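Dear colleague,

I am handing over the structure we spoke about, and my notes on it come after the display. Please look through the sequence and the structure first, and then read on.

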Amino acid sequence: MAIEVMLALCLPQDASTVPFARHIARYAMEELGVTPDCIYDVEVALTEACANVIRHAESDDEYEIQVSIGEDQCELRVKDTGRGFDVESLSERTDGSAERGRGVALMRALVDTINFDSDPESGTVVHLVKRLSFGRSRPSFLGE
Amino acid sequence: MDLGLDVSERNGYTVLAVRGEVDVYTAPRFRERLIELVSEGKHRIIIDLEGVDFLDSTGLGVLVGGLKRLRSHDGDLLLVCTQSRILKVFEITGLTKVFSIYDSVDDAVGAAS
């Protein structure tokens with residue numbers, strides 16, 4: 001039987017919510033037997049997507065995170081409800097002395113697909129998909 | 001998880017041992033502590049990342065900022081890290097070429113002296 005774990009979070013755009021969301025996603029993947037290295041990749045990608053929202057936050061905005069974990073992949077959707085922002089401004093920097101600008105490079109390297117959709121009316125959505133690998137602790141209801 | 005920032009001295013180097021998760025939430029405290037140390041005249045710093053469970057691009061930015069600040073004082077910043085997951089974020093972002101990364105504080109001190 002196919003299973004899907006879906007988590008939906010609506011949070012204030014405050015940096016303290018980022019580890020909260022990451023820990024919830026981590027716990028779900030641990031319970032499903034996803035390998036630690038794969039979990040870590042998802043955690044970093046989710047953190048970077050959330051950090052982009054926090055950096056562009058209006059003071060009293062909220063943002064939404066959807067985590068959908070299926071039998072072979074994890075989909076992350078991070079949506080802000082602000083004015084959106086210029087996706088081009090997130091392009092990767094290669095200058096070793098830059099203190100910012102590495103988040104998109106990390107996301108691209110750690111997940112299989114990444115899409116940005118930014119709109120001044122509805123805000124920005126970051127959509128990430130990561131194929132999952134499972135270890136021996138995979139729960140019996142997931143089958144072999 | 002709390003961020004731990006423990007300072008000690010070793011052979012003329014100041015060792016800042018970081019514990020816990022360094023991300024967009026905790027990185028400002030890490031940045032502040034590093035700036036404090038530089039302001040106190042500590043210009044040769046080893047940052048021990050062995051106790052770090054998580055590091056994101058904001059944390060990387062703190063380290064790059066620290067390196068720039070120290071080099072402007074003719075100082076240096078060395079890293080200690082052996083965890084493959086943490087090293088991976090340095091490799092992806094090309095920062096293994098920017099930082100000197102050692103397996104232990106002893107190795108870092110030994111290489112520098």
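This is a predicted model: local features need pLDDT of at least 70, side-chain atom pairs count only at pLDDT 80 or more; totals for chains, interfaces and linings use all residues.

**The fold of chain A**

Chain A holds three helices and five strands, and, read from the N terminus, its elements follow the order β-α-α-β-β-α-β-β. Of the 144 residues in chain A, 47% are buried. If one takes the contacts in chain A with a separation of 6 or more, 67% of them are between residues 24 or more positions apart.

**How the strands pair**

Strand S1 of chain A is joined to S2(A) by eight bridges, and the two run antiparallel; within this pairing, A:Val5 has A:Ile69 of S2(A) as its bridge partner. S2(A) in turn is joined to S3(A) by seven bridges, again with the strands antiparallel, and a hairpin of three residues leads from S2(A) to S3(A). In that pair, A:Ile65 is found opposite A:Val78 of S3(A).

Strand S3, which covers residues 73–80 of chain A, also pairs with S5(A), through seven bridges and in an antiparallel sense. The link from S4(A) to S5(A) is a hairpin, and three residues make it up.

Why can strand S5 of chain A be called largely enclosed by the rest of the structure? Strand S5 spans residues 123–131, and eight of its nine residues are buried, which is the reason for describing it in that way.

**A:Leu46 in helix H2**

A:Leu46 belongs to helix H2 of chain A, and because its relative accessibility is 1%, where buried means under 20%, A:Leu46 counts as buried. Once the neighbours within four places in sequence are set aside, A:Leu46 is in contact with A:Ala21, A:Arg22, A:Ala25, A:Ile65, A:Leu76 and A:Val78. The C-alpha atom of A:Leu46 is separated by 13 Å from that of A:Thr113, and these two residues are 67 residues apart along the chain.

**The cavity**

How many cavities of 30 Å³ or more does a search of the whole structure find? The search finds one, and the space in this largest cavity comes to about 30 Å³. Its lining consists of A:Leu7, A:Ala8, A:Leu9, A:Ala21, A:Ile24, A:Ala25, A:Leu46, A:Ile65 and A:Val67. The elements that contribute two or more residues to this lining are strand S1 (5–12), helix H1 (17–31) and strand S2 (62–69) of chain A. By class, the lining of the largest cavity has nine nonpolar residues, with no polar and no charged ones.

**The second largest pocket**

The second largest pocket has a volume of about 150 Å³. Ten residues line this pocket, and those nearest its centre are A:Arg26, A:Glu30, A:Ile39, A:Glu43 and B:Arg85. H1 and helix H2 (36–55) of chain A each give at least two residues to the lining, and H2(A) provides the largest share, four residues. The lining of the second largest pocket comprises six charged and four nonpolar residues, and no polar ones.

**The contact between chains A and B**

Across the interface, 27 residues of chain A are in contact with 24 residues of chain B. The size of an interface is often given as the accessible area lost when the parts come together. On that basis chain A and chain B bury about 2,100 Å² between them, and 61% of this lies on carbon and sulfur atoms. Of the area that chain A buries against chain B, A:Tyr40, A:Glu99 and A:Arg102 supply 31%, which is more than any other three residues.

With best regards

Methods. Residues are numbered from 1 along each chain as its sequence is written. Chains are lettered from A and ligands numbered from 1 in the order in which they are written. Side-chain values use heavy atoms; hydrogens and water are left out. On a 1 Å grid over the protein atoms alone, a cavity is a set of points where a 1.4 Å probe fits but cannot get out, and a pocket is an open set with protein on both sides within 12 Å along at least five of seven lines; lining residues have an atom within 4 Å of a point. Grid points are joined across faces, edges and corners, and a volume is the space filled by probe spheres set on the points. Ala, Val, Leu, Ile, Met, Phe, Trp, Tyr, Cys and Pro count as nonpolar, Asp, Glu, Lys and Arg as charged, and the others, Gly among them, as polar. Buried means under 20% relative accessible area, exposed over 50%, partly exposed in between (1.4 Å probe, protein chains only). Two strands pair if DSSP finds at least two bridges between them. Contact means heavy atoms within 4.5 Å. Buried area is the accessible area (1.4 Å probe) that two parts lose on being put together, summed over both.
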